[in-house]
Amino acid sequence: MAKPPRNPASGILFVDKPQGITSHGVVSRARKSVGTRKIGHAGTLDPMATGLLVLGANNATRLLTYLVGLDKQYTATIRLGASSTTDDAEGELSEPVDAAALAAVSDEDIAHAVANLTGAISQRPSSVSAIKVDGKRAYTLARAGEDVVLAERTVTVSRFEVLETGRGEFIDLKVLVDCSSGTYIRALARDLGEALNVGGHLTVLRRTKVGPFSVENASALDSDLETKLVAPAVVAAQLFETVQLDAEQSKDLSDGKRIALEPQQASPIAALAPDGRLQGLIQIVDGRARVLSNFPRDAQPLEPQEHTATEGEPASEEGTPNNG
């Protein structure tokens, strides 16, 4: 018989991932810190990347499905003047371009190329991404020596801004990127370098936002994560419209009945039980609630605590892509 978790409470964790550890490594450490095996993530980060990683514990893993597709924000450093086999600093670099060719790249040239990579664009993911090809991860095939060329897909880069430009042996651009789910920042660096005919790759990547949630409010990986769990109701209320159930409605919904509720425009809707916990995500069809996902009561539920999100961000990545 499986050993019950030391901590059966459900919640969402916002972790500031340090450099040099995989997302799976973060999950493994969170399992030990929180006291449960049942922890998942809502989209990975490369080992070289830092920043916001969203985890779910116990029943809150059901909420991760709705967090995966949220828009993201990154700060990054793009190095112009050499390309990379992995589109980042961890790959094998090409020979640097001629100094005269690099010096010929003006700020106006960079601005024009950046503008062409903003908006709805067609992007070819890096060959070392986590996308599956015939059931295998692309990075597994690439590292085995296979030539992997992934199909292009449409992504949206709503903001691509150059914050700082440093010129020397290379041109280093510190950038800010707001983008849709499934956008690869490494691919942006590669494509920017190709557009300028000097090559480019990523040297620094930090995820600063996931939807309305900011890394500024995330916990350090070496902190006591058991005390950092955020109640699912608190997170759901920042993503969806909410409806407060009375005792009878809560019981009927638990019994599988399609209770009558006032029509709501948004879907999903977070249905909150009388005690404030997240009872389920629902949609209202013809005046009746249809359950999309149930959130069973924990043996030791968390108290609905406050969690500050970044205001004004849309609540809107494919599966769980390996971003960067």
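This is a short tour of one chain, stop by stop.

The model is predicted, so local features need pLDDT of at least 70 and side-chain atom pairs pLDDT 80 or more, while totals for chains, interfaces and linings use all residues. Residues are numbered from 1 along each chain as its sequence is written, and side-chain values use heavy atoms, without hydrogens and water.

Start with the whole chain. It has 8 helices and 18 strands; these are DSSP runs, helices being H or I of at least four residues and strands E of at least two, numbered from the N terminus. Of the 324 residues, 52% are buried. Buried means under 20% relative accessible area, exposed over 50%, and partly exposed in between (1.4 Å probe, protein chains only).

Select Thr 77 next, in strand β5 (residues 72–80). Thr 77 counts as buried because its relative accessible area is 18%. Beyond its neighbours within four places in sequence, its contacts (heavy atoms within 4.5 Å) include Asp 172, His 201 and Val 204.

Now select Arg 167 and Asp 107. They form a salt bridge, with the closest N and O atoms 3.0 Å apart. The pair links distant parts of the chain: Arg 167 lies in strand β9 (residues 153–167) and Asp 107 in helix α4, 60 residues apart. A salt bridge is a side-chain nitrogen of Lys or Arg within 4 Å of a carboxyl oxygen of Asp or Glu; by this rule there are 12.

Move to Lys 251 and Asp 255, another salt bridge, at 2.8 Å from N to O. Lys 251 is exposed because its relative accessibility is 53%, whereas Asp 255, at 46%, is partly exposed.
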